[in-house]
Amino acid sequence: MATTPGAAMTGGTEPDAVASEPGVETTIAGELLDQALAERRALVQLCLYALDRARSSGVVERIEEGLAGIGVTAVRPDGERFDPSRHEAGGTVPTDDATLDGVVAETEVVGFTDRGRTLRAPIVTVYTAR
């Protein structure tokens, strides 16, 4: 009677499932989860790369909708107070309106978060008082 290397025999005919050993199923599930999460991160990064190069507003909109469906949201902080912990200043624009000093005038490069975790900070132009 031939046996598969490494497989124990029970009742003389069926191999014991290696996964039935304590902790093996958990280890395999953990490895699969790690692989799935790594693949998700790679796909999200590929989508961000494609978005940066998309020439069609319809394509951009469709990719952003798809990403939003899995928890990755675009960040366009126009009109918000500039926050260097969440935004990257790409430039400034002078203003005579003191209430606009330190406010984001425009988003130059859209940022993205994944369920609240920053993937890429938006690059913004900020109003500065003259």
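Student: Is Arg-115 buried or exposed?
Tutor: Arg-115 counts as exposed because its relative accessibility is 62%. Buried means under 20% relative accessible area, exposed over 50%, and partly exposed in between, with a 1.4 Å probe and protein chains only.

Student: Before I go on, what kind of model is this?
Tutor: It is a predicted model, where local features need pLDDT of at least 70, side-chain atom pairs count only at pLDDT 80 or more, and totals for chains, interfaces and linings use all residues. Residues are numbered from 1 along each chain as its sequence is written, and side-chain values use heavy atoms, leaving out hydrogens and water.

Student: Ok. Where is Arg-115?
Tutor: Arg-115 sits in the loop between E6 and E7. Strands (E, at least two residues) and helices (H or I, at least four) are DSSP runs, numbered from the N terminus.

Student: And what is Arg-115 in contact with?
Tutor: Leaving aside neighbours within four places in sequence, Arg-40, Ile-70 and Gly-71. Contact means heavy atoms within 4.5 Å. The C-alpha atom of Arg-115 is also 7.7 Å from that of Thr-73, 42 residues apart along the chain.

Student: Switching to His-87: buried or exposed?
Tutor: His-87 is buried, because its relative accessible area is 4%. His-87 lies in the loop between E3 and E4.

Student: Val-124 is in which strand?
Tutor: Val-124 is in E8, opposite Thr-107. E8 (residues 123-129) runs antiparallel to E5, and four bridges join them. Two strands pair if DSSP finds at least two bridges between them.

Student: What sheet is that part of?
Tutor: An open sheet of three strands in the order E4-E8-E5, with mixed pairing. E4 (88-95) and E5 (104-109) are the edge strands, each pairing on one side only.

Student: Now helix H1. Which of its residues are buried?
Tutor: Val-44, Leu-48 and Leu-51. The buried residues of H1 pack against helix H2 (57-68) and strands E3 (72-75), E6 (111-114) and E7 (117-120).

Student: What does Leu-48 touch?
Tutor: Leu-67, Phe-112 and Leu-119, leaving aside neighbours within four places in sequence.
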